[in-house]
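The structure is shown first.

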Amino acid sequence: MPPQNFIILGGGISGLTAAWYLARNAPSSTKITLLEASNRFGGWIQSTRVGEERILFEQGPRTLRPSGLGAYIILDMAAKLNLTGYIHAVGKNEPAAKNRYLYYPDRLIQLPGGGLFPGLKSIVQNKFMLSSLYSVIREPFIKPLKNLDDESIHSFISRRFNSTLADTLMSALVHGIYAGDIKKLSVKSTFKQMFDMEQIYGSVIKGTINSRKLSTLSQKDQNWLNLLCEENKDLFAFMSTTSLYSFANGIEQLVYAIVNDLKDRENVTIKTSHHVKELKFDKEIEVCTNDGSFKADHIISTIPSHELACLLPDLPYLTYNPSVTVAVVNIAYGRQNLLPVKGFGYLIPHTTLSNPYHVLGVVFDSDAMPHQDYKKDKYTKLTVMMGGHYYNDLSENDYPNKDELLSKAVETIEKQLGIYLTPLQCMAKIHRKCIPQYYVGHYSRMKELHYMIKKKYGKRLSVGGASYFGVSINDCVTNSARLALDLLRNDGIVTGLERVEGD
Ligand SMILES: Cc1cc2nc3c(=O)[nH]c(=O)nc-3n(C[C@H](O)[C@H](O)[C@H](O)COP(=O)(O)OP(=O)(O)OC[C@H]3O[C@@H](n4cnc5c(N)ncnc54)[C@H](O)[C@@H]3O)c2cc1C
């Protein structure tokens, strides 16, 4: 029989999705309680309007990708939460979809993908791109390393392509997703499809060609996707022409909609300002917070693994991976069209030497999500992200303060984009330990963790959230939705880490 009384730890998108999926699919007699430590829901998702102009600043995630199972799940949720009319989509032919840049070694370079001519021009003009192109042509002929357990992204890309591609394009991409160090991150846990292509097809390029014909989804996930498609035909047809999307009031609008839906349900209780301090596994499970205790028969933890380690120190590897700290500076200038180029923004690889403030990348928000501001024709809006793995050696007192962050961001924009104006509105924040880093060997460690949870906690504990398998919102939502359905439909033990059983 499935659990009757769930407590979910954490009210970020992972915890909220788990609660929402349980609430919609469990019998109405099932009790669902969600406990969040801070005074708001959403975790890293935070969309704020500032100033008289009510300019929208995203302090965390800002765009969602409409591809893969996760996208279908979110869009289905959006439809059921009556958010479809608020979706703001960027079409595949718009500059934000086509034009992405690198800042390397001391200027903006357009990446291939923005059309044949600019792509070719960029390749011909930049030695590192010519060398990368050559490595792509050569890759299918490089002997595969079969039965490889894992290696760093840098080592994998250098081996299959070349180190130039690893040190430029790949380093920049990894800064954009993980704010991480490609020499430490696991290729198997961050780019699993690419890792599997070498194991299955002997080559990434051959795998890419073949995977167009074959679905990478399990039969169960494929059936799920088919069902979602059947229910949302029109929405999915529209989204197939889209490259990115968000909502009128930013990504947090999705959070508000889930929270309001959950608040209306009799069998669901959701609480902020309830920091879970202790878990006592007895006949029942007692969850102790700063503001009272609660009883459950199953715990779903979606808090970061290093936080869960404080509650369950007997579980292995919860503190093995660090999480990086990222500084986010949002800036709006009071004039439009200030950017020298149009596009989504640019990323900076670790080999760009003139990067004294450790900038990871700059998003051109007024191009990337142009319709969220009420007077969109009046501003140029940007976000500068700094730090990540570059801040790993800093102690708490060494982080730049808000004024320092702002002046570093403004100086970066002056130097790299040639904009010499005083910002109309700005906001700077340090996000401590915000993106988990899956270091080499993560997959094997999760396998041990999975079997240890099974052995020690049986049917009483499962885990989800960004610490385990994927940091994107698409991943977090997919994992939580799958976990909730598995817990309700599966009579055996469900830990949330079942995928490790496949390897
Ligand atoms: C700057 C930034 C930009 C990003 N950009 C994108 C993007 O553009 N697209 C994208 O897809 N993804 C992006 N991401 C990643 C994505 O936003 C996160 O991985 C995702 O939101 C994590 O959600 P979560 O619910 O798993 O964890 P969290 O958001 O960390 O939520 C966990 C919650 O648990 C609570 N908690 C912790 N300890 C306890 C406790 N003991 N008791 C109770 N509650 C507790 C926390 O307060 C928090 O609210 C970005 C992340 C950052 C930081």
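## Terms and basis

A cavity is defined on a 1 Å grid over the protein atoms alone as a set of points where a 1.4 Å probe fits but cannot get out, and its lining residues have an atom within 4 Å of a point. Grid points are joined across faces, edges and corners, and a volume is the space filled by probe spheres set on the points.

The model is predicted, so that local features need pLDDT of at least 70 and side-chain atom pairs count only at pLDDT 80 or more, while totals for chains, interfaces and linings use all residues. Residues are numbered from 1 along each chain as its sequence is written, and side-chain values use heavy atoms, with hydrogens and water left out.

## The second largest cavity

The second largest cavity has a volume of about 50 Å³, and its lining consists of S305, Y317, L318, Y320, N321, H442, M446, L449, S467 and Y468. Helix α17 (residues 442-457) contributes the most to this lining, with three residues; helices (H or I, at least four residues) and strands (E, at least two) are DSSP runs, numbered from the N terminus.

By class, six of the lining residues of the second largest cavity are nonpolar, four are polar and none is charged. Here Ala, Val, Leu, Ile, Met, Phe, Trp, Tyr, Cys and Pro count as nonpolar, Asp, Glu, Lys and Arg as charged, and the others, Gly among them, as polar.

## The largest cavity

The count comes to two cavities of 30 Å³ or more, and the largest holds about 90 Å³ of space. Of the 13 residues that line the largest cavity, E58, R62, D365, M369 and Q372 lie nearest its centre. Two or more lining residues come from each of β4 (55-58), α15 (365-368) and β17 (380-388), and β4 provides the largest share, three residues. The lining of the largest cavity has five nonpolar, four polar and four charged residues.

Strand β2 (residues 31-35) is largely enclosed by the rest of the structure, because four of its five residues are buried, that is, under 20% relative accessible area with a 1.4 Å probe and protein chains only.

Two strands pair if DSSP finds at least two bridges between them. Strand β1 (residues 5-9) pairs with β2 in the parallel sense over five bridges, and in β2 the bridge partner of I7 is T33. Strand β9 (residues 268-271) also runs parallel to β2, joined by four bridges, with L34 opposite I270 in β9.

Conventions:
Buried < 20%, exposed > 50% of the residue type's maximum accessible area, 1.4 Å probe, protein only. 1 Å grid on protein atoms, 1.4 Å probe; cavity = no way out; pocket = protein on both sides within 12 Å on 5 of 7 lines; lining within 4 Å.
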